[in-house]
Amino acid sequence: QVQLVEAGGGLVQPGGSLRLSCVVSGTFSRIYGMGWYRQAPGKQRDLVAGITSADSTNYADSVKGRFTISRDNAKNTLFLHMNSLKPEDTAVYYCKASIYSDYRKNIWGQGTQVTVSS
């Protein structure tokens with residue numbers, strides 16, 4: 001069974017920074033694309049940033065220039081560096097990975113809360 005475990009969320013003041021991490025564990029043969037999503041109360045879950053297995057990245061317009069997604073393939077870990085945080089970045093952040101384990105499928109993490117407030 002494959003699991004994704006996120007860490008690094010918390011409370012930060014506006015203008016501050018956080019780094020989220022997501023570790024993929026379990027039995028699988030390959031990780032394809034990965035991404036970070038977020039969901040604020042009463043809103044849908046939206047893509048924040050994605051990264052392919054070739055390290056090609058894409059970002060939501062609202063976070064371009066402030067957030068950076070990266071991955072460490074040797075450690076099966078995904079990161080999201082968040083700078084210049086704003087109150088509107090407050091949400092639960094979820095990690096998603098497309099993996100191959102018997103067949104190709106998407107796996108989600110349990111989410112980590114990020115709160116930006118003074």
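**A loop, a core and a disulfide**

Trainee: Where is D55 found?

Mentor: Strands here are DSSP runs of E with at least two residues, numbered from the N terminus. This is a predicted model, in which local features need pLDDT of at least 70 and side-chain atom pairs count only at pLDDT 80 or more, while totals for chains, interfaces and linings use all residues. Residues are numbered from 1 along each chain as its sequence is written, and side-chain values use heavy atoms, leaving out hydrogens and water. With that in mind, D55 is found in the loop between β5 and β6 (57–59).

Trainee: Why does D55 count as partly exposed?

Mentor: A residue is buried under 20% relative accessible area, exposed over 50%, and partly exposed in between, using a 1.4 Å probe and protein chains only. D55 is therefore placed in the middle class, because its relative accessibility is 46%.

Trainee: What separation do the C-alpha atoms of D55 and G26 have?

Mentor: Along the chain, D55 and G26 are 29 residues apart.

Trainee: Which residues is Y93 in contact with, leaving aside its neighbours within four places in sequence?

Mentor: Contact means heavy atoms within 4.5 Å. Y93 is one of the residues with the most contacts inside the core, and W36, L80 and M82, also named there, are among its partners.

Trainee: Which residues form a disulfide?

Mentor: A search of the whole structure finds one disulfide, meaning a pair of cysteine sulfur atoms within 2.5 Å. The two sulfur atoms are 2.1 Å apart, and the link is left-handed, with -75° about the S-S bond. The pair joins distant parts of the chain, strand β3 and strand β9, 73 residues apart. The residues are C22 and C95.

Trainee: Are C22 and C95 buried or exposed?

Mentor: C22 has 0% relative accessibility, so C22 falls in the buried class. C95 also has a relative accessible area of 0%, and therefore C95 is buried.

Notes: Helices (H or I, at least four residues) and strands (E, at least two) are DSSP runs, numbered from the N terminus. A nonpolar core is a set of buried Ala, Val, Leu, Ile, Met, Phe, Trp, Tyr and Cys residues joined through side-chain atoms within 4.5 Å.
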